[in-house]
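Here are my notes on the model you asked me to look over.

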Amino acid sequence: MASSKITVPEIIAKKDKEKIAALTAYDVLWARILDEAGIDIILVGDSAAMIVLGYEDTLPITMEEMLLFSRAVARGAKRALVVGDMPFLSYQTSVSEAIKNAGRFLKEAGCQAVKIEGGQEIAETIAAVVKAGIPVMGHIGLTPQRAHALGGFKVQGKDVSSARKLIEDAKALEEAGVFSLVLECVPKELAAYITREISIPTIGIGAGAQCDGQILVLPDLLGLFEAFRPKFVKSYTNMAETGRKAILAYLEEVKNGLFPGEEHSFKLSDEVKKELGL
Ligand code: KIV
């Protein structure tokens, strides 16, 4: 482990002192760029199911696929804390399965922590994983693995009872020992209240500016994922457009014999050419 690696206690210590900047990544190329830029936390999100593998939702992605993406990211992140997202049914079936699968992210993939979706109903499992020495990031609000049960990808906590439930969920997870808590698609006033009420950092995605940190899905930030764009996404560039232009320029140059040019070609020496009669 590099000596400058950000640790879990350092992430917790940032609360009320410094905002935490987190992003997702799924490969070594982007992990290196995020790491060198100074991103605090890289989440290998199960959003890879939709973003990288082209599924409709996050449910089909497997442990083996998540471990493959996580290994690549961990190789590229020398400084950032790398969190592996536990896929659907890798932790819900039993506490021992949850510990075993969470441990694989640390042991086989080189992650420093895992993320687990859910509130009070999963708090006991999270407590057991934490007790096994595996740091856990919680995730409440819109939890995509429960999208069918929630009736779709909707903002959560908009009425009194669901807002109260989210507050209770946050407290139960703090009690279970999570080191940080993702709040996804939660009204900003509620996210601000939860942030004040708990002692660990909240990381918002569609949860307003008062959270202790923010996370975005990297291809959303880059303007690369075009299937849909939630309201909370800010695209800082349009890489899909830039990429398309570059690919069209390549296509045209290949078709017209303009690529490769002299500067991209290897040459025989005059001596060898003479011997071969070229
Ligand atoms: O899978 C993911 O990318 C996530 C983030 C949206 C928090 O869970």
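The points below start with confidence, move on to the ligand, and end with the backbone.

1. First, keep in mind that this is a predicted model. The mean pLDDT of the protein chain is 97, with 99% of its residues at 70 or more. Among the elements, strand β2 (residues 41-44) has the highest mean pLDDT, 99, and helix α7 (residues 147-150) has the lowest, 93.

2. Now the ligand: where does the ligand sit? You'll find the ligand in the largest pocket. Around the ligand are Thr-24, Leu-43, Gly-45, Asp-46, Ser-47, Asp-85, Lys-115, His-139, Ile-205 and Val-217. By type, this shell splits into 3 nonpolar, 4 polar and 3 charged residues.

3. Ser-47 puts a polar side-chain atom 2.5 Å from an oxygen atom of the ligand. For Asp-46, a polar side-chain atom is 3.0 Å from a ligand oxygen atom. With Asp-85, an N or O atom of the side chain lies 3.2 Å from an oxygen atom of the ligand. As for cover, the ligand on its own has 260 Å² of accessible area, and the protein covers 95% of that.

4. Two backbone spots deserve a look. Most residues other than glycine have a negative phi, and most peptide bonds are trans. Asp-16 is not a glycine, yet its phi is positive, about 65°; you'll see Asp-16 in the loop between α1 (8-13) and β1 (20-24).

5. The other spot is the peptide bond joining Phe-259 and Pro-260, which is cis, with omega about 0°. Pro-260 belongs to the loop between α11 (239-255) and α12 (270-276).

Terms used: Residues are numbered from 1 along each chain as its sequence is written. This is a predicted model: local features need pLDDT of at least 70, side-chain atom pairs count only at pLDDT 80 or more; totals for chains, interfaces and linings use all residues. Side-chain values use heavy atoms; hydrogens and water are left out. A residue is near a molecule or strand if one of its heavy atoms lies within 4 Å of it. A polar contact is a pair of N or O atoms within 3.5 Å; within protein, one must be able to donate a hydrogen and the other to accept it, and residues adjacent in sequence count only if both atoms are side-chain atoms. Accessible areas come from the Shrake-Rupley method with a 1.4 Å probe; for residues, only the protein chains shown count as cover. On a 1 Å grid over the protein atoms alone, a cavity is a set of points where a 1.4 Å probe fits but cannot get out, and a pocket is an open set with protein on both sides within 12 Å along at least five of seven lines; lining residues have an atom within 4 Å of a point. A molecule sits in a cavity or pocket if more than half of its atoms lie within 2 Å of its grid points. Ala, Val, Leu, Ile, Met, Phe, Trp, Tyr, Cys and Pro count as nonpolar, Asp, Glu, Lys and Arg as charged, and the others, Gly among them, as polar. pLDDT is the predictor's confidence in each residue, from 0 to 100. Helices (H or I, at least four residues) and strands (E, at least two) are DSSP runs, numbered from the N terminus.
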